[in-house]
Amino acid sequence: AAGLMTGKRGLIMGLANDKSIAWGIARTLADHGASLAFSYQGEALRKRVEPLAAQLGSDIVLPCDVTDAASVDALFAALKDRWGGLDFLVHAIGFSNKDELRGRYVDTSRENFLMTMDISVFSFTAVARQAAAMMTNGGSMLTLTYYGAERVMPHYNVMGIAKAALEASVRYLAEDLGKDGIRVNAISAGPIKTLAASGIGDFRYIMKWNELNSPLRRNVTTEDVGRSALYLLSDLGSGVTGETHHVDAGYHVVGMKAVDAPDI
Ligand code: NAD
């Protein structure tokens, strides 16, 4: 059936399992007619990602560890071989040592600072360059960020600094690639229980706080993120680039929440 994404081919990076934000996005895009390719990090994830890809009618499942430039080159060479062109890219990759996703930011080590920035920030720039070279008819790219980039959140620490840099890189990439008709945006998702999130200290408390304090009074799902990704990656978002779009049940607009109970 014809859909918003019919005829569009895209690469999804960062699928680990069916809790991944990448999975919510991939399912929504496939539902609307997209053809998908997937990259996975390391052999252990291949057996998880292959069956998920198959569920969405994809047999393009390729390894890529973004810390290894040769591995990124090989991914795009294989994709070029298979498809020639590309219409969209989803980058749902982030990592920091979980020992530093608790305690104080000031105690961050140089080693983990550099690794976090490499995997969570530079990788988007590196894959954007390679993807753009394949987007000869224009395209749309999306990465995932979090409110910890804008305000201090407990335990987010070095990841907050990395997400701030990622959001800035979205703006610079939007300018660089805009003249080729390529749009670059980020979704700032509210907290969702995924593998990556389980490394963050007190994550259950953070989720509860967001549920109680967001205007919608709930947490978001990977399907919520998927629907907004569809807007940004399809022609519905044709006038939007360089943007960080919040999909967080409105949490980021609240300074202080009114008490629901009338007599307090
Ligand atoms: P996830 O664990 O499902 O996905 C993280 C992915 O990053 C995994 O697939 C992992 O393999 C990949 N990855 C890590 N290091 C890599 C490397 N060196 N090379 C290639 N891939 C690598 O968790 P998720 O929550 O779906 O995370 C996806 C994105 O969403 C991340 O950027 C995360 O920071 C962001 N995000 C998550 C939340 C949340 O609450 N879960 C909120 C806002 C933003």
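This is a predicted model: local features need pLDDT of at least 70, side-chain atom pairs count only at pLDDT 80 or more; totals for chains, interfaces and linings use all residues.
User: Let's turn to Tyr146. Why is Tyr146 called buried?

Analyst: The cut-off for buried is 20 or more other C-beta atoms within 10 Å. Tyr146 has 26 such neighbours, so Tyr146 counts as buried. You will find Tyr146 in the loop between S5 and helix H5 (158-178). Setting aside neighbours within four places in sequence, its contacts are Lys163, Ser188 and Ala189.

User: What about Tyr156: buried or exposed?

Analyst: Exposed would need 12 or fewer neighbours, and buried needs 20 or more. Tyr156 has 23 C-beta neighbours inside 10 Å, and therefore it is buried. Tyr156 also sits in the loop between S5 and H5. Beyond four places in sequence, Tyr156 is in contact with Gly148 and Ile200.

User: Which residues does the UniProt annotation "active site" cover?

Analyst: In the unreviewed UniProt entry, that annotation covers Tyr146 and Tyr156. Please keep in mind that such annotations may be inferred rather than shown by experiment.

User: Now the whole chain. How do you know that its radius of gyration agrees with that of a compact globule?

Analyst: For 264 residues, a compact globule would have a radius of gyration near 18 Å. The protein chain has 18 Å, so the two agree. Along its principal axes, the C-alpha trace spans about 65 × 45 × 40 Å.

User: What percentage of the residues is buried, and what share of the contacts with a separation of 6 or more joins residues 24 or more positions apart?

Analyst: Buried residues make up 45% of the 264 in the protein chain. Among contacts with a separation of 6 or more, 74% are between residues 24 or more positions apart.

User: Lastly, how many helices and strands are there, and what pattern do they follow?

Analyst: The protein chain has seven helices and seven strands. Along the sequence they read β-α-β-α-β-α-β-α-β-α-β-α-α-β.

Notes. Residues are numbered from 1 along each chain as its sequence is written. Helices (H or I, at least four residues) and strands (E, at least two) are DSSP runs, numbered from the N terminus. The radius of gyration is taken over C-alpha atoms; the globule rule is 2.2 Å times the number of residues to the power 0.38. Two residues are in contact if their C-beta atoms, placed from the backbone, lie within 7 Å.
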